[in-house]
Amino acid sequence: MNTPVSSGHISRCEKILLLLGNATSEENRERDCTFVQKARKDLEKIRQHGDPPEITVAVYGDTGAGKSSLLNALLDQPYLLPTAGMGRACTSVAIKIEENKTSSSFEADIEFLTAEDWERDLNVLRHDLRQNDGDNDEDNDGDNDEDNYVYNEACAMFTLMYGDFEPTNLDTLLADDTDTAELLGADKKLLDSSARELRDKISTYSEKTDDDCQFWPIVKQVVLKVPDSGLCRSGVNLVDLPGVGDSNAARADVARKYIQTCDVLLVVTKIERAVDNETVEQTLGDKLFSQLLMDHTETVVACTHTDDVKPSEVIRKLPLPQAAEWTAKGQRYKEEEKVLQQKLADLKRDKQQQRLHAAIDQLKREKTSTCAVERNKFVRNSILPKISSPPSPHDQECPHDPKVFCVSSSDYINLSNLVTSDDDDDDKSPVFLSTEDTEIPGLRTYLQDLVWKKQEEHRMSLQDDFQAIIDGILMYIINSKRGTTALREELERHLDTLQDEGQLILDELDSHLQSSWIAVLGATLDEATWEAIKQAKPTVESWAGLRSEGGLAYKTYRATVCRMGIFRSSSIGRVINMNQDLADPFVKILSKEWTPRFSEQAWIETVKSKIKEPASIAITRLTDAIMRSLGDSDATLLKDLTQLQKDTLGKLTRLDSLWEKTIKRQQRAITHMIPDFVQEQMQSAYVPCSEQGGPGAFKRVKDIMASTIDQLKSKMFKQLKEKITVYLGQLKKGFMKEAKEILEDIVEDTEKQIMPLSQTRGETIYLETLERSEGLIQTLSDDFAKYKTSEERDTSGPE
């Protein structure tokens, strides 16, 4: 794909500026050089931002949901990522997949944990191995399966790396482990010409395998660089996140940051559990829905394994108006099968038998495919209401149009003939009749459309900026040729007026942001603070309640506090996040006003009403005043001033990108800070709780947590409110600085273009240079117009 502005066009423009800068005498060079330097600076910005933008898609879901298989299908690379063919969780670390822009090889960059990260893990795992130091007689109701899980998981982690071991010999084993010590804090690069071969090479670093020695527990993340991938080449980067709730803090932090900064969150869940799946509920329901609303994250749900369908169950259970028709159609299929089977029994010749067998198989396949497609529609219609509005008392509309895709990765791969002959034994007859029915192409196109839209906006913005530079140079040259010494004071007065009006615009904007952001959100923060304080003690008490009512077993409780409040418990099938539980009431209240204040639509309206419209009026006043001052009916001058107005207003469009580049990113950082702040404050409870052991330990843990939250809750949430208030002030200040720089840039450019009207130059060499430069810049402008037209054809969308 061509760049928005070619290096050749930039070079030609620089040569013209060089010509202008060297053409005048010393006494008049300062003004010309100032103009040239400003134009060169603007050109360099275009050069630095010439690469097309990309988007990051974080793929999030429970273990075994089919994330890796889905990514393989989207990439048309069935062997790139390991899949759970043996019923075992595969992806254990975050794997980022991007285009290989430098070679045709498949490459893997492996980043290992630091020694400090691994030492923290070891300390936590040592705690988990001490299984008999608590008083289980005082544990909540229920058996000890959950307690055993914590111990067994710790043993399993050490076994993965060292094989069979005795807990009593663990310290000696770790002291002798020089291989691990050499890898900690290091990076490792692997490459191969084959996706399958690279997958095998990185398996010990990225997934649970049957190898005696595995290194993935000390891996932070893996970056795969894939050649010749249409999806990655279009600008889509994919991140395969491990099953939710990694026990390693550093890996969990990597996954969390991807979720925080991604452009799209792709939630993956099996279709048979999609309507009430816990991953969908936790991610898009009451708890985290408010967070996603405040982030303004594009959220997509992919329901997988859609080829796993039983037609009889669909026909019997599908709660659709067409259910009766489906039942009748199913019965008709059965009657036709009976007729065909009877004919088959009476026939003698093999060929006729084969044709009838084929007819029966075709009937079954059509029925199965139709049932699968109809189930997809039902599931999609069931999920959409959940991600369109949260199941909470503070209902809000979703800030974007949510999407649900019901996909079959295996059927897509089979129907696309992507498997090799060596894997024919793995094939099964596809359920769907076409690749389009698998919805993989639809999901891929949706992601490509998102990045193409972003790239198109980027392309147009850079081309407009370059065109404005060309137009500015041309106007500067023309005005220098027609300059007169009589207008300096008059033009300076008009420019001073424009500068004053720019300051009034900024003052009005600041006042608007103070009233619509700071004041409104300040009141909401007060409400959120008191609600969080009120709910803190009941939340802590719920962790210590009966296990039948959602309370935590002793060792699960201790494993959670040892991990600073975050732990995945397989026995209860969810991630325990004490920090998020405490923060939820705060987030839920805050999201009521936060989400609409920072939405893209609200931002567009603010920029339009508070900056663009008043700036447009100010620029129009300026050009009208200049025409009156000149008293010139020159049509060319009128045209030039009209172009000046157009270019000046075009520069205001740079404000539109600030929502994506600044506002969205910074406000995300603020909201994601909330549970982190709670975690930091709660260390005063987590640390002493993790040190408890022996008889009566669980009671002491519960007492410590209860007394600490009583003492801490008011101070903690009031400090959180103050911290967010400070960050909001910084966010407003940062945006005001950006807006001021853009308006000042417009005034400065306008001054440099029109002030030559107030001066005259009689130097022959200077006038000759103006003539030559005018011809060069006009030719460049015409050539660039043709380039833009051809570039638009090349980037008109997917093939």
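Guide: A residue counts as buried when its relative accessible area is under 20%. The model here is a predicted one.

Visitor: Is Lys-713 buried or exposed, and why?

Guide: Lys-713 has a relative accessible area of 18%, so Lys-713 is buried. This lysine sits in helix α24. Apart from neighbours within four places in sequence, Lys-713 touches Ile-533, Ala-536 and Lys-537.

Visitor: Which residues make the contact?

Guide: From α20 come Met-578, Leu-582, Phe-586, Leu-590 and Trp-594; from α24 come Met-705, Ile-709, Phe-717, Leu-720, Ile-724 and Leu-728. Sorted by class, this contact of α20 with α24 has 11 nonpolar residues, no polar ones and no charged ones.

Visitor: How is empty space found?

Guide: A probe the size of a water molecule is rolled over the atoms, and this shows where space is left. Across the whole structure, the search gives three cavities of 30 Å³ or more. The largest cavity holds about 90 Å³.

Visitor: Which elements give two or more residues to the lining of the largest cavity?

Guide: They are α18 (488–543), α21 (600–630) and α24. Helix α18 provides the largest share, four residues. The lining residues include Leu-498, Glu-501, Ala-615 and Val-747. By class, the lining has eight nonpolar residues, one polar and one charged.

Notes
Residues are numbered from 1 along each chain as its sequence is written. This is a predicted model: local features need pLDDT of at least 70, side-chain atom pairs count only at pLDDT 80 or more; totals for chains, interfaces and linings use all residues. Side-chain values use heavy atoms; hydrogens and water are left out. Contact means heavy atoms within 4.5 Å. Ala, Val, Leu, Ile, Met, Phe, Trp, Tyr, Cys and Pro count as nonpolar, Asp, Glu, Lys and Arg as charged, and the others, Gly among them, as polar. Buried means under 20% relative accessible area, exposed over 50%, partly exposed in between (1.4 Å probe, protein chains only). On a 1 Å grid over the protein atoms alone, a cavity is a set of points where a 1.4 Å probe fits but cannot get out, and a pocket is an open set with protein on both sides within 12 Å along at least five of seven lines; lining residues have an atom within 4 Å of a point. Grid points are joined across faces, edges and corners, and a volume is the space filled by probe spheres set on the points.
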